[in-house]
Amino acid sequence: MTIKLITIGKTDNKQLTHLINDYIKRLSFYIKFQLEIIPDIKNSKNLSEEQQKKKEGTLILSKTNTTDALILLDEQGKQYDSVHFSNYLQKHMNSGIKQLVFVIGGPYGFSEEVYNKAQGKISLSKMTFSHQMIRLFFIEQLYRGFTILRNEPYHHR
Ligand SMILES: C[S@@+](CC[C@H](N)C(=O)[O-])C[C@H]1O[C@@H](n2cnc3c(N)ncnc32)[C@H](O)[C@@H]1O
(Lines give C-alpha, C1' and ligand atoms only; values in the text may rest on other atoms or scores of the structure.)
Protein backbone atom coordinates (compact mmCIF):
# COMPACT_ATOMS: atom_id res chain seq x y z
CA MET A 1 0.00 0.00 0.00
CA THR A 2 1.09 3.56 -0.63
CA ILE A 3 -0.11 6.70 1.13
CA LYS A 4 -0.81 9.97 -0.62
CA LEU A 5 -1.62 13.24 1.14
CA ILE A 6 -3.30 15.83 -1.05
CA THR A 7 -3.09 19.46 0.06
CA ILE A 8 -3.86 22.86 -1.41
CA GLY A 9 -1.19 25.53 -1.84
CA LYS A 10 2.52 25.69 -1.18
CA THR A 11 3.89 26.50 2.26
CA ASP A 12 5.95 29.69 2.18
CA ASN A 13 7.20 29.26 5.71
CA LYS A 14 10.72 27.80 5.49
CA GLN A 15 10.76 26.37 9.01
CA LEU A 16 7.43 24.64 8.50
CA THR A 17 8.60 23.23 5.15
CA HIS A 18 11.79 22.02 6.79
CA LEU A 19 9.86 20.18 9.52
CA ILE A 20 7.41 18.70 7.01
CA ASN A 21 10.28 17.43 4.84
CA ASP A 22 12.00 15.99 7.88
CA TYR A 23 8.91 13.94 8.83
CA ILE A 24 8.35 12.87 5.22
CA LYS A 25 11.91 11.55 5.18
CA ARG A 26 11.32 9.62 8.40
CA LEU A 27 7.94 8.31 7.23
CA SER A 28 9.36 7.13 3.91
CA PHE A 29 11.44 4.61 5.82
CA TYR A 30 8.18 2.74 6.59
CA ILE A 31 5.93 3.32 3.59
CA LYS A 32 5.87 4.81 0.12
CA PHE A 33 4.48 8.28 0.75
CA GLN A 34 3.64 11.11 -1.64
CA LEU A 35 2.72 14.68 -0.76
CA GLU A 36 0.65 16.08 -3.64
CA ILE A 37 0.40 19.85 -3.53
CA ILE A 38 -2.34 21.38 -5.66
CA PRO A 39 -1.42 24.96 -6.64
CA ASP A 40 -3.27 27.64 -4.72
CA ILE A 41 -6.02 29.01 -6.95
CA LYS A 42 -7.07 31.70 -4.47
CA ASN A 43 -6.04 34.85 -6.26
CA SER A 44 -6.16 33.58 -9.80
CA LYS A 45 -9.77 34.73 -10.34
CA ASN A 46 -12.47 36.55 -8.41
CA LEU A 47 -14.13 33.37 -7.24
CA SER A 48 -16.75 33.09 -4.53
CA GLU A 49 -16.06 30.75 -1.60
CA GLU A 50 -18.32 28.09 -3.17
CA GLN A 51 -16.72 28.43 -6.61
CA GLN A 52 -13.26 28.12 -5.10
CA LYS A 53 -14.22 25.01 -3.13
CA LYS A 54 -15.75 23.47 -6.24
CA LYS A 55 -12.68 24.18 -8.33
CA GLU A 56 -10.37 22.82 -5.64
CA GLY A 57 -12.67 19.79 -5.34
CA THR A 58 -12.39 19.01 -9.05
CA LEU A 59 -8.60 19.21 -8.81
CA ILE A 60 -8.55 17.03 -5.68
CA LEU A 61 -10.68 14.33 -7.30
CA SER A 62 -8.54 14.43 -10.45
CA LYS A 63 -5.59 13.34 -8.29
CA THR A 64 -7.37 10.20 -7.04
CA ASN A 65 -8.19 6.80 -8.55
CA THR A 66 -11.51 4.97 -8.15
CA THR A 67 -9.67 2.15 -6.34
CA ASP A 68 -8.22 4.48 -3.66
CA ALA A 69 -9.56 4.71 -0.14
CA LEU A 70 -10.31 8.44 0.17
CA ILE A 71 -10.24 9.93 3.66
CA LEU A 72 -10.76 13.62 4.46
CA LEU A 73 -9.14 15.53 7.27
CA ASP A 74 -12.05 17.42 8.75
CA GLU A 75 -12.80 18.95 12.14
CA GLN A 76 -16.16 17.15 12.13
CA GLY A 77 -14.57 13.76 11.52
CA LYS A 78 -13.86 10.84 13.83
CA GLN A 79 -11.15 11.33 16.43
CA TYR A 80 -8.53 8.71 17.24
CA ASP A 81 -5.74 8.51 19.74
CA SER A 82 -2.37 7.70 18.19
CA VAL A 83 -2.49 3.98 19.05
CA HIS A 84 -5.97 3.60 17.51
CA PHE A 85 -4.81 5.57 14.50
CA SER A 86 -1.91 3.13 14.04
CA ASN A 87 -4.46 0.26 14.09
CA TYR A 88 -6.51 2.17 11.51
CA LEU A 89 -3.45 2.31 9.24
CA GLN A 90 -2.80 -1.40 9.77
CA LYS A 91 -6.41 -2.25 8.88
CA HIS A 92 -6.06 -0.41 5.58
CA MET A 93 -2.81 -2.22 4.85
CA ASN A 94 -4.52 -5.56 5.58
CA SER A 95 -7.48 -4.68 3.36
CA GLY A 96 -5.39 -5.05 0.20
CA ILE A 97 -6.08 -1.55 -1.18
CA LYS A 98 -3.30 -0.13 -3.30
CA GLN A 99 -3.48 3.47 -2.17
CA LEU A 100 -4.75 5.26 0.92
CA VAL A 101 -5.40 8.92 0.14
CA PHE A 102 -5.84 11.59 2.80
CA VAL A 103 -6.93 15.10 1.83
CA ILE A 104 -6.51 18.43 3.59
CA GLY A 105 -9.02 21.00 2.38
CA GLY A 106 -8.35 24.54 1.26
CA PRO A 107 -9.11 27.65 3.36
CA TYR A 108 -12.88 27.04 3.12
CA GLY A 109 -12.89 23.26 3.47
CA PHE A 110 -14.29 20.76 0.95
CA SER A 111 -16.92 20.87 -1.80
CA GLU A 112 -19.98 18.59 -1.67
CA GLU A 113 -18.50 16.51 -4.51
CA VAL A 114 -15.44 15.69 -2.42
CA TYR A 115 -17.56 14.87 0.67
CA ASN A 116 -19.70 12.56 -1.48
CA LYS A 117 -16.71 10.63 -2.81
CA ALA A 118 -14.97 10.21 0.56
CA GLN A 119 -15.12 6.98 2.55
CA GLY A 120 -14.32 8.61 5.87
CA LYS A 121 -13.41 11.75 7.81
CA ILE A 122 -10.72 12.12 10.45
CA SER A 123 -10.46 14.97 12.92
CA LEU A 124 -7.21 15.79 14.70
CA SER A 125 -9.00 18.05 17.18
CA LYS A 126 -12.19 20.06 17.51
CA MET A 127 -10.08 23.14 16.96
CA THR A 128 -9.46 24.45 13.46
CA PHE A 129 -5.88 24.53 12.23
CA SER A 130 -4.63 26.30 9.13
CA HIS A 131 -4.37 24.13 6.05
CA GLN A 132 -0.62 24.73 6.27
CA MET A 133 -0.14 23.65 9.88
CA ILE A 134 -2.34 20.58 9.67
CA ARG A 135 -0.07 18.92 7.12
CA LEU A 136 2.83 18.90 9.59
CA PHE A 137 0.64 17.60 12.45
CA PHE A 138 -0.84 14.88 10.28
CA ILE A 139 2.43 13.70 8.72
CA GLU A 140 3.89 13.49 12.22
CA GLN A 141 0.91 11.32 13.26
CA LEU A 142 1.46 9.05 10.25
CA TYR A 143 5.10 8.67 11.25
CA ARG A 144 4.10 8.10 14.89
CA GLY A 145 1.56 5.49 13.76
CA PHE A 146 4.22 3.45 11.95
CA THR A 147 6.65 3.62 14.87
CA ILE A 148 3.84 2.28 17.10
CA LEU A 149 3.16 -0.58 14.67
CA ARG A 150 6.88 -1.41 14.74
CA ASN A 151 7.09 -1.11 18.52
CA GLU A 152 9.74 1.57 18.23
CA PRO A 153 10.50 3.96 21.09
CA TYR A 154 9.29 7.24 19.46
CA HIS A 155 5.83 6.95 21.06
CA HIS A 156 5.61 6.68 24.85
CA ARG A 157 2.37 5.10 25.96
C1 LIG B 1 -8.62 26.32 7.54
S2 LIG B 1 -9.26 24.71 7.50
C3 LIG B 1 -10.88 24.95 6.79
C4 LIG B 1 -11.88 25.23 7.82
C5 LIG B 1 -13.27 25.35 7.30
N6 LIG B 1 -14.06 25.95 8.34
C7 LIG B 1 -13.98 24.07 6.91
O8 LIG B 1 -15.18 24.18 6.67
O9 LIG B 1 -13.42 22.99 6.83
C10 LIG B 1 -8.44 23.96 6.16
C11 LIG B 1 -8.37 22.46 6.21
O12 LIG B 1 -7.51 22.05 7.27
C13 LIG B 1 -7.92 20.79 7.76
N14 LIG B 1 -8.15 20.92 9.21
C15 LIG B 1 -8.11 22.04 9.96
N16 LIG B 1 -8.34 21.75 11.25
C17 LIG B 1 -8.52 20.40 11.34
C18 LIG B 1 -8.75 19.49 12.40
N19 LIG B 1 -8.89 19.89 13.65
N20 LIG B 1 -8.86 18.18 12.11
C21 LIG B 1 -8.73 17.74 10.85
N22 LIG B 1 -8.49 18.55 9.79
C23 LIG B 1 -8.38 19.87 10.02
C24 LIG B 1 -9.17 20.39 6.99
O25 LIG B 1 -8.81 19.52 5.95
C26 LIG B 1 -9.67 21.72 6.46
O27 LIG B 1 -10.42 21.54 5.28
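Leaving out neighbours within four places in sequence, L124 is in contact with L73, I134, F137 and F138, where contact requires that two C-beta atoms, placed from the backbone, lie within 7 Å. L124 belongs to the loop between β5 (120-123) and α5; helices (H or I, at least four residues) and strands (E, at least two) are DSSP runs numbered from the N terminus.

The model is a predicted one, in which local features need pLDDT of at least 70 and side-chain atom pairs count only at pLDDT 80 or more, while totals for chains, interfaces and linings use all residues. Residues are numbered from 1 along each chain as its sequence is written.

M127 also has its place in the loop between β5 and α5, and the table sets out the surroundings of these two residues, for which buried means 20 or more other C-beta atoms within 10 Å of a residue's own, exposed 12 or fewer, and partly exposed in between.

| Residue | C-beta atoms within 10 Å | Class |
|---|---|---|
| L124 | 17 other C-beta atoms within 10 Å | partly exposed |
| M127 | 7 C-beta neighbours inside 10 Å | exposed |

**The ligand shell**

The ligand is surrounded by 18 residues, and the closest are L73, G105, G109, L124 and H131; a residue counts as near a molecule if its C-beta atom, placed from the backbone, lies within 6 Å of it. With 3 residues, β3 gives the most to this shell. An unreviewed UniProt entry places the feature "binding site" at several positions, among them L73, G105, L124 and M127, although such annotations may be inferred rather than shown by experiment.

**The core**

The largest nonpolar core holds 23 residues, of which L27, V103, I139 and L142 touch the most other members. The elements that give two or more residues to this core are β1 (2-8), α1 (14-27), β3 (69-79), β4 (99-104) and α5 (133-149). Such a core is a set of buried Ala, Val, Leu, Ile, Met, Phe, Trp, Tyr and Cys residues joined through C-beta atoms within 7 Å. Apart from neighbours within four places in sequence, I139 is in contact with L5, I20, Y23, I24 and L27.

**The whole protein**

The protein has 5 helices and 5 strands, which follow the pattern β-α-β-α-β-α-β-α-β-α along the sequence. Among contacts in the protein with a separation of 6 or more, 85% join residues 24 or more positions apart. Of the 157 residues, 24% count as buried, and the C-alpha atoms fill a box of roughly 50 × 35 × 30 Å along the principal axes.
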